[in-house]
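The sequence and structure follow.

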Amino acid sequence: MQKIYPENFEVKIGFDRIREMLHNKCLSTMGSEWVDEMHFQEEFENIQNQLGEVDEFCRIIREFDNFPATHFFDLRSALQKIKTEGRFLEISELFDLKRSLESIRAIVFFFNKQDEEVFPLLKKKITAVQIFPYIYDRIDSILNKFGKIRDNASPELAQIRKDIISRQSSMSKRLHAILKQAQKDGLVDEEATISIRDGRAVIPVSSGNKRKLQGIIYDESATGKTSYVEPNEIVEMNNEIRELEYAERREIVKILTDFANDIRPYLDELFYSYDFLGEIDFIRAKAMLAVEFDAIKPDVQNQPVVDWYQAIHPLLQKTLKKENRKIVPLNIRLTEEKHILLISGPNAGGKSVCLKTVGLLQYMLQCGLLVSISEGSKTGIFSRLFIDIGDEQSMENDLSTYSSHLMNMKHFVKFSDEKTLILIDEFGTGTEPMLGGAIAEAILDQLNQLRAFGVITTHYTNLKHFASSAEGIENGAMLYDSQHMNPLFQLEIGKPGSSFAFEIARKIGLPEDILEKATEKVGKKHIDFDRNLRQINRDKRYWESKRKKIRQVEKILDEMAANYESELQETKKLRKEVLAKAKEDADGLLSGVNKKIENTIQEIRDAQAERERTKKAREELDDLKKLVKHKSDSDDKFIQQKIDKLRQREDKRNKRRPKDEKKPIPKEKLEERVELKPGDKVQIKGQNTVGDLIELNDKNAVVAFGQLITTLPRKQVERISNNEAKKLEKGKRTGNSSLTQNFSQRRLTFKPEIDIRGQRVEEAISKIQEFIDEAIMFEVAQLRILHGKGHGILKSTIRDYLRSEPMVRSYKDEHVDFGGAGITVVNLAL
């Protein structure tokens, strides 16, 4: 059974370009062979080890600059040659063997210097690798550092070369003597020098004198005016030198043959070392590619799962980087519960890129390559990868595009299981839409029952409906900016997407009458469904932004409440300290008073109740009582002053706080918050209008009064029982409710212009939010914001807010005649 389908799977997802990039990063043919043999695998341990090895080598590239990466020569064919007795390595092959063994030895030494825990997987690979010091030393005794045979490679070679040098020296002296004599005799020009022709030393002689110099003519000049003659005396000397050169060659062959015989027992170990060198070259190439792609080693689980954050198509990123454009990362999740993702959305919105990203990264992962996703992502292992993408029309097999798609679907249904990942682009297209959609839905149902994992793109509405109700399938949408009519290339999982067919057609300028006829033909119900998808998307983004703002405000309020609580505790602590000090002073005073009273009583007794003395003592006691009372009053006054000061401090602090935090929430307010919930019957306070509560937040309530849905301040809404609601509805006269009158009156008095000149930024933004909300409720499409020119700060802030508001279609400066840059005209997407 095929694990990868179809046969050109790699071409379809772009993996052939990944192989090509790896080939270019390899240093040798050995590494390139590993690249060619790289394939899809499902063994968890193998994949983990290969990813770990590449991850370790990425660290080497980033942190070390001394890793030996030269002389990765492939000597396997040369070593294979000398398996035969009598064969030997050529001098150049021997030199390459020496240098490649140097590289192997340097790599082994590099990893031996590192701690065991730094590169555990790569260090494990060198345990069986030998560095062959004997072979290296033998080569070093034969070759010099330039790759030439040493003179002392053997005693015989040394003697031969010595004889050659001696003969050449003698010949040179005799040849120069002959040349000088010929010049003296006028046979050779004065400026003539000795030349070499066919490896033999000759004298250039003019053609007219060539017979006058006894010797062998070896060559003539192009013009024929000069002949090159080897004198007879030199011929014999040249022959002797040539014989010595032949002897030198025979001695060199003997040396090389002896070396081949010496290393023949080590050939198997040498082959293993070169396999190791090729694998290191391959791992290095994968690591260099990972560094280029900014790829990581993800969390790999031994089960099918795709839970990726910030996944990036590496080839697309490289292309966009050349164009100074940024790629939009992909967040995608496939689990056992939701194992098929059905992606819809506009053409050129990124659906196919999303599908290819999943296919390429998963295939790279199971080929042992690091992938471009963020930390925290989870990846799994699949047993099979199937893809159906592009035009598979085949003239040889007489297959149309749709027939080819059906053949692929047949294969998918036959061989898929719970460990299969299926990628299908434009599911169901190629034939009549209703029939193709029905067949596609049946196939999708079968794949879902087989529990296969899949990423499928489509435009068919019936598939979107099916996915929304089927267990195991989830809708996804490629987001589209309906305001500027541009794709956002962002995947949102959980809801189907709109194809924006009519909007795109309108944008490119297709005549409106054609679009109207198309609307009539397809049916308004279908158009409304597509429009509702867009409105849901727009409303969701609007409420998400509101929810984000509420969370930010709540965070600020929580922080302020915590600060207020800590300051209040500090104030209470200070108050207790003041009261304790005052009490301590009062106790000391009373202790002194008691002592004075006892002394006075003792004096009265000692004076034996003498009237004058007693009277004087009583007067002193009365004076002491007055002093105590005065002191006590002053102490009470002092304590009260301290408390008043503390209260003043609290009041000042409270004035600096928002009003909502200065006052505690009334009990009835708390009860109201607890009681009110979506689905309750409510009425406007002071009125008899009954409605249904749809949504509720801290400030506003969304209430439905029949067909009318409006937003009211929360404090104006109160909950009523079902019986009260029925009574009020019976007594209410249709068509003349106070709510309708109030709504109509507000709509008549609403002005599509607001003046915020001179206001602070926060206050201005708040008013503009309410202003736009009312405009949406009253369906006013164009508004004017008068902010003035000034330094442009207020204008800039307002436009930043308008840019983030999903209901704002566009904005611009007012015409110069009506205010120019001091007024912003806003068009709403109604």
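Is Tyr-134 buried, partly exposed or exposed? Tyr-134 is partly exposed, with a relative accessible area of 42%; buried means under 20%, exposed over 50% and partly exposed in between, with a 1.4 Å probe and protein chains only.

## Basis of the model

The model is predicted: local features need pLDDT of at least 70, side-chain atom pairs count only at pLDDT 80 or more, and totals for chains, interfaces and linings use all residues. Residues are numbered from 1 along each chain as its sequence is written, and side-chain values use heavy atoms, leaving out hydrogens and water.

## Aromatic pairs

The whole structure contains 17 aromatic pairs (ring centres of Phe, Tyr or the six-membered ring of Trp within 6.5 Å; stacked under 30 degrees between planes, edge-to-face over 60, tilted otherwise). In one of them, the ring centres of Tyr-134 and Tyr-266 are 6.5 Å apart and the planes stand at 50°, so this pair is tilted. Tyr-134 belongs to helix H8 (residues 133–142), while Tyr-266 lies in the loop between helix H10 (232–263) and helix H11 (267–293), so the pair ties together parts 132 residues apart in sequence. Helices are DSSP runs of H or I with at least four residues, and strands are E runs of at least two, numbered from the N terminus. Tyr-266 is partly exposed, at 34% relative accessible area.

Phe-750 and Phe-771 form a stacked pair, 5.7 Å centre to centre with 25° between the planes. Both Phe-750 and Phe-771 are buried.

## Aromatic cluster

One aromatic cluster comprises Phe-57, Phe-64, Phe-67, Phe-110, Phe-111 and Phe-119.
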